[in-house]
Amino acid sequence: MSSAKGLATRKSPYLFILPAFAILVGVLVLPVFSGIRLGFFEWALRDIGKDPEFVGLRNFMDIFRSENFHTSIRVTLIFTFSVVVLELFIGTVLALLLEKGVPGLRFFRTIFILPVMIAPVVVGVVWKFMYNPSYGKINYFLQVLGIEPVGWLSDPQMALISIIITDVWQWTPFVFLLILAGLQGVPQELNDASKVDGANYLQTLVHIKLPCLSNVIAVTAVLRLIDAFRGLVVMLIMTNGGPGVSTEILSLHLYKTAFTDQRLGKASAIAVVLLMIITLLSIFFITRSMKDEEL
Amino acid sequence: MMKKILMILMVLLAVCAVTFAQGQKAEAEVKESVEGFDWRQFEGETIVTCFPNHVTYNALMPLIPEFEAKTGIKVEVDLLQYLKMHDKQVLEMSKPSGDYDLISMVVMWKTEYATAGMLRPLEPYFENPNLAYPDYDFDDLVPAYVENTGYVGGDKIYLGGEGATLYGVPFGAETSIMIYRQDIFDEYNIKVPDTYDELMAAAKFITEEVPGVYGFTSRGASGHQAMAGYLLHASPFGASVFDENWEPAFNSPKAIAALEWMKEMFKYGPPGMTSFGQDGQFQAFLQGDAAIYLDASVFAGKARDPQQSTVYDKLGYAMHPLKESRLSESGGFGLGIPANASNPEAAFLFMQWMTSKEVERKVIENGGAPFRMSSVSDPALQAKYPDFAVLAKQLPHVNPDWRPLIPEWGEINNMLGIAVNQVLTGEKQPQQAMDEMVAPVREIMVRAGYIK
C-alpha cells in the first residue's frame, strides 16, 4: 500500500508536466527534426506537390563550398558582434547618465523606447528613404555641411555600416532599459558603503555597479545576439542583401535560397548550420553567466 | 400620421425597385442581342484572380465592375507586389483545389508552371464556340508577346514552334524602348541616340554639361534587378545566357562587352544606382534627375501621367538603340488559368474580356500598356500617345528568347544578378565575375539534366 502510494507521488510530477511536454514536442521538437531531415533532401518549391528526393550530404557540401555562404557567415558575424558591442556600450552609458534623477527622465525614457516599438518593416522603409542618395535626409544634411553625398546603401563598403547604424538606432533603447532596470537593482547600501570608504565615481562604477550588472549584461547580450542572428526584415527591405552579397546575412541567405532559388532542402541545411551556431553561442554565454552566479 | 408616412415611403421604394430592375434587365437584353454571344452563361459565379500591383493591371481595376454588370460574374482580385506572387501562386496551384481561377504570371514562371502541370492549355477553350468570343481576334495580339507570355513546349522548351502549347495570353506584357527628355535634347542640341555609341556619348554629355541632371537611369540592385538591367544590353550586343547546347555563354566576349558597356554607363547615372530597383530607376526619371530611360515600355504610361511625373510634357521616344541588332526585351505578364481552378470557364470569359479590343482601349486610356497590333498601329492613338508609333516600329525587333525562361531561371537569375551588381559597384572585374559563375551555373544545369 505504502509503496504504491510512493510510486504515485514519484510519478505524478511527470504526469503534470506531460501536457506541456507534449505541446513542446509537437510545436518545437518535431518541426526542428523535420527541418533537419529536410536538409538531406532535394525539394524545389515548384515541386511542392511531389515527394522530396534523398541526396545525402549534398546540400551541406554545396553550402560549405559556396562562396556566397562564406561571405554570408562573415557578414553575419561582423554585423552581430558590431551591433551587440555598440548597443551594449551606448546603452550602458546612457543608462548610467540617466540613472540619477535627471529632470524629465520619464519623458526621455518614453522617447527612447519608441524605436523598439516600431515594426521592423517600417524601420526598413523609413531608413531606406533617409539613406536615399538623391532625396534622402541624411545626404541632404551632409550636403548642407559641405560633405560629398555618400552612397549609403549602394556602396559595398558602406551598406553594412548603414545597416549597423539602423540596428543600433532601433535596439540600443532596449539595452538601455534593461541596464537601467539592473542599475536600479544595485543595493543602495553598497553605494553608500563605497562612498563612506571614499571611492570616487569611477571606482564605484568598476567595483560595484558593473559587477552587480554582469548578469543583466550577459542576458541582454544573449538576447541581442540571437535577435541579430535572426534579423532579416530590415536587410530584406533596405538592400535585399546587396550590393553584391555584402549585406546578405545568414538568415537572408536562407530566405533567398528557399524562395528565390526555390531550394527548400538546401535552405534547411543552412537553417541547421544557423541553429548550431546560435545554440553554441547561447550555451557559451549562458554557462558563463551561470558560473558568475556560483561565485 | 407616422403610419401614413411609412406607407408612402414603402410604396415609393417598391416603385423604385421595380423600375430599376426592369431597366437593368432591358439593358442586359440589348447587349446580348447586339453581340450574339452569351456573356451571362456563368451568371452568379465568383472568380478569384491573382494580379500584380502594376500599371496595366491598375488601369484595369476601375473597369472590372463593367464586366461584373455585363456577365453577372463576381470578380475578386488578390493584388500583390509582383515578385511576391510566385510563392502564393505555387502554393495555391499545388493544392487539390486552389483559390485562384485566373492568375497573372511573370513570363519567367510560365515554363515552371506549365511543365509542372499547374496550368490549363488554352486551345480547347479558344476552340469551344460556346466559350470563345467571336470578335476576339487572337491574331491581333502582338505575336512576340503571345510567344513570350503564352507558349511552352516548343523551341528550347520555353518558346513557340513545333509542339508548343498555349498556356497564356499577354496582359501587361512589354518590350523595351527609349524615353528621353525632349526639352534637354532640344536645348543642348543633342542628337537622339540611334546606336549604343551615340547613347553613351549623349549620356556623358548630359551628365557633364547639364547642371543637376544625369544622363541615364537604370536598375542595378543585386540580384534580379541588376540582371534585368544587364539583359537589356546583352541582346543587342549579340550575347545570350546559354548557347544552343545549354552551355553557359554569359562569359563570352560579346557578353563581357555588354557588361563593360553597362559598367561605363553607370558613371553617367544618379548616385546610388547600384541599389536601384525598378522604382528607383523610374523615380530618377520622373523627378527629372536623369534624362534618358531605356527599359520596359510600360513606363511610358507613368511618364506621361501628370499625377506621377514632373516631366510629363517634356518627353521624347525612340527605338531601342542599335548595336549588332535592336533586339529588345520581352517580358512582363501573361494571364493563365490554373489547372485546379474552381471556375475555369468563367475565368476564361474574364480573360477574353480583359484582353479584348474594346477593353484594351479603355486600359490604355487609364495608363496601361497596349498589347494588340491594331491599337499600336492606330493613327488616332499614335497621335494621342507618341510612344505608340515608336512601339509599332520596335515590336518586330522583340526578342522572344531574351532570357532563358526555364524553371531553374530563378536561381540562375539571382546568382548572375549578384555578379553583375558586383561588377557595377567595382567589387569585381567583368571577366572575372562572369568566369566565376560558370561552374555554379553549370552545376544547376547538370543537376536539372540539361547538360552532362
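Colleague: How many disulfides does a search of the whole structure find over all chains?

Modeller: The model is a predicted one. Across all chains, the search returns zero disulfides. To be counted, two cysteine sulfur atoms would have to lie within 2.5 Å.

Colleague: Is B:C50 buried or exposed, and what makes it so?

Modeller: B:C50 has a relative accessible area of 0%. Buried means under 20%, so B:C50 is buried.

Colleague: Where is B:N340 found in chain B, and why is B:N340 called buried?

Modeller: B:N340 belongs to the loop between β11 (331–336) and α14 (344–354) of chain B. Its relative accessible area is 10%; the class requires a value under 20%, and B:N340 is therefore buried.

Colleague: What makes the approach of the B:N340 side chain to the backbone oxygen of B:E92 a polar contact?

Modeller: A polar atom of that side chain lies 2.9 Å from the backbone oxygen of B:E92, and the limit is 3.5 Å. The side chain of B:N340 also reaches the backbone oxygen of B:M93, at 3.4 Å. Leaving aside residues up to four places away in sequence, B:N340 touches B:E92, B:M93, B:S94, B:K95, B:P96, B:S97 and B:G98.

Colleague: Turning to the two chains, how many residues of chain A are in contact with chain B?

Modeller: 28 residues of chain A are in contact with 31 residues of chain B. The area buried between the chains is about 2,300 Å², and carbon and sulfur atoms give 51% of that area. On the side of chain A, A:R46, A:S154 and A:G244 lose the most area to chain B, together 23% of what that side buries.

Colleague: How do you know that A:E67 forms a salt bridge with B:K428?

Modeller: The closest N and O atoms of A:E67 and B:K428 are 3.8 Å apart, and the rule asks for a distance within 4 Å. Three salt bridges are found across the interface of chain A and chain B, as are six residue pairs in polar contact. The elements giving two or more residues to the side of chain A that touches chain B are α2 (58–65), α3 (67–97) and α11 (250–259) of chain A. By class, that side has 10 nonpolar, eight polar and 10 charged residues.

Definitions and conventions: Residues are numbered from 1 along each chain as its sequence is written. Chains are lettered from A and ligands numbered from 1 in the order in which they are written. This is a predicted model: local features need pLDDT of at least 70, side-chain atom pairs count only at pLDDT 80 or more; totals for chains, interfaces and linings use all residues. Side-chain values use heavy atoms; hydrogens and water are left out. Buried means under 20% relative accessible area, exposed over 50%, partly exposed in between (1.4 Å probe, protein chains only). Helices (H or I, at least four residues) and strands (E, at least two) are DSSP runs, numbered from the N terminus. A polar contact is a pair of N or O atoms within 3.5 Å; within protein, one must be able to donate a hydrogen and the other to accept it, and residues adjacent in sequence count only if both atoms are side-chain atoms. Contact means heavy atoms within 4.5 Å. Buried area is the accessible area (1.4 Å probe) that two parts lose on being put together, summed over both. A salt bridge is a side-chain nitrogen of Lys or Arg within 4 Å of a carboxyl oxygen of Asp or Glu. Ala, Val, Leu, Ile, Met, Phe, Trp, Tyr, Cys and Pro count as nonpolar, Asp, Glu, Lys and Arg as charged, and the others, Gly among them, as polar.
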